[in-house]
Amino acid sequence: MASTKMKIKKSKSGGYEVMVLAKHPMETGLRKDKKTGEKIPEHFIENMEFAVNGEVVAQANLGTGVSKNPLIGVGIPNAKSGDTVTVSWVDNKGESDSAEKVVK
Amino acid sequence: MKRRIFLKGSLAASTLAVAAGAGMLTPKSVLAAAWPKAAFESETEAEALQAFFGTSDVEQSDQVSIKAPLQAENGAVVPIKVMTSLTGVEGIAICAIKNPRPYTTSLRVSAGGGGLYSTRIKMGQTSPVHCYVKAGGKLYMASQEIKVTVGGCGG
């Protein structure tokens, strides 16, 4: 169900920039189902971790204020060509997904 | 159905706790802090800053820059990019001041991480967006007003 895509590009300020597109509804808990009128429960990504060669360099905390299908970009200035970048996320229902890519 | 989800969630959380306790998550446990619930649930900006950064003393800085549209057509998707030339970055946070819960998202950075964070946020109405960067134990900020034509909360 879940799908996470990752892209690594060279950053202008040096190093690399990781862009992650996670497919996720990011429900705020405030929206109502149009058919039943019931509130749709909160469902959002809480933490997203970025690791280079297994070492965590950054952790993003997301909330309900982040758009649906979040696109998150993080700088990894010390990454080199050949390094493995891993991103993994967990949401408030315990669902998770991850993606891995090698820096070109 | 709800019960099932709840069970699944609590089960996942408990296995994670066991794994962490057994030291199975060693490379990740360094930064794997819990989700900052208090900060996300704060209704004022100062409270959120206190909860996340542990301080609310802020200094305006031109070393923090924001790349965001001046006018957002759709409040449900407002791209924001925070960049900083400061060194020793520890954390970055984004607050949309007039949202019901201003504290929108944040990034914890450990050694080897960089001063760049981009995301897309929801905005209920036209509001200034404050971006905070904690570097070297001090908190810096920059802000930009973003006009929102169609709100993106609820609906």
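Begin with chain A, coloured by secondary structure. Read along the sequence, chain A follows the pattern β-β-β-β-β-β-β, with 7 strands and 0 helices. Please bear in mind that this is a predicted model. Chain A has 104 residues, of which 50% count as buried. Its accessible surface comes to about 5300 Å², and carbon and sulfur atoms account for 49% of that area.

Now select chain B. Its elements run α-α-α-α-β-β-β-β-β-β-β-β-β from the N terminus on, that is, 4 helices and 9 strands. Of its 155 residues, 43% count as buried. Chain B exposes about 8100 Å², with 56% supplied by carbon and sulfur atoms. Among its contacts between residues at least 6 apart in sequence, 64% join residues at least 24 apart.

Strands of a sheet pair through backbone hydrogen bonds, which may be arranged in a parallel or an antiparallel manner.

To find one of the paired positions, select Val64(B): its bridge partner in β4(B) is Thr84(B).

Return to chain A and select residues 84-91 and 96-102. They are strands β6 and β7 of chain A, which run antiparallel and are joined by 7 bridges. Thr84(A) has Val102(A) as its bridge partner in β7(A). Together β6(A) and β7(A) form a hairpin with 4 residues between them, and Gly94(A) in the turn has a positive phi of about 85°.

Now select His43(A), in the loop between β2 (16-22) and β3 (45-52) of chain A. Is this residue, His43(A), buried or exposed? At 9% relative accessibility, His43(A) counts as buried, because the cut-off for that class is under 20%. Beyond its neighbours within four places in sequence, His43(A) is in contact with residues including His24(A), Pro25(A), Asp91(A) and Lys93(A).

Move on to the largest nonpolar core, which has 63 residues. Select Met48(A), Phe50(A), Ile80(B) and Tyr117(B), the residues with the most contacts inside this core. In soluble globular proteins, nonpolar side chains tend to be buried together. Around Met48(A), leaving aside neighbours within four places in sequence, the contacts include Val20(A), Ala58(A), Ile72(A), Val87(A) and Trp89(A).

Finally, select the residues at which the chains meet. Here 37 residues of chain A are in contact with 38 residues of chain B. The area buried between chain A and chain B is about 2900 Å², with 49% given by carbon and sulfur atoms. On the chain A side, Gln59(A), Asn61(A) and Ser67(A) lose the most area to chain B, together 19% of what that side buries.

Definitions and conventions:
Residues numbered from 1 in each chain as written. Chains lettered and ligands numbered in written order. Predicted model: local features only at pLDDT ≥ 70, side-chain atom pairs only at ≥ 80, totals over all residues. Heavy atoms only, no water. Helix = DSSP H or I, 4+ residues; strand = E, 2+ residues; numbered from the N terminus. Buried < 20%, exposed > 50% of the residue type's maximum accessible area, 1.4 Å probe, protein only. Areas by Shrake-Rupley, 256 points an atom, 1.4 Å probe, with all protein chains shown as cover. Core = buried A, V, L, I, M, F, W, Y, C linked by side-chain atoms within 4.5 Å. Contact = heavy atoms within 4.5 Å. Pairing = 2+ DSSP bridges. Buried area = accessible area lost by both parts, 1.4 Å probe.
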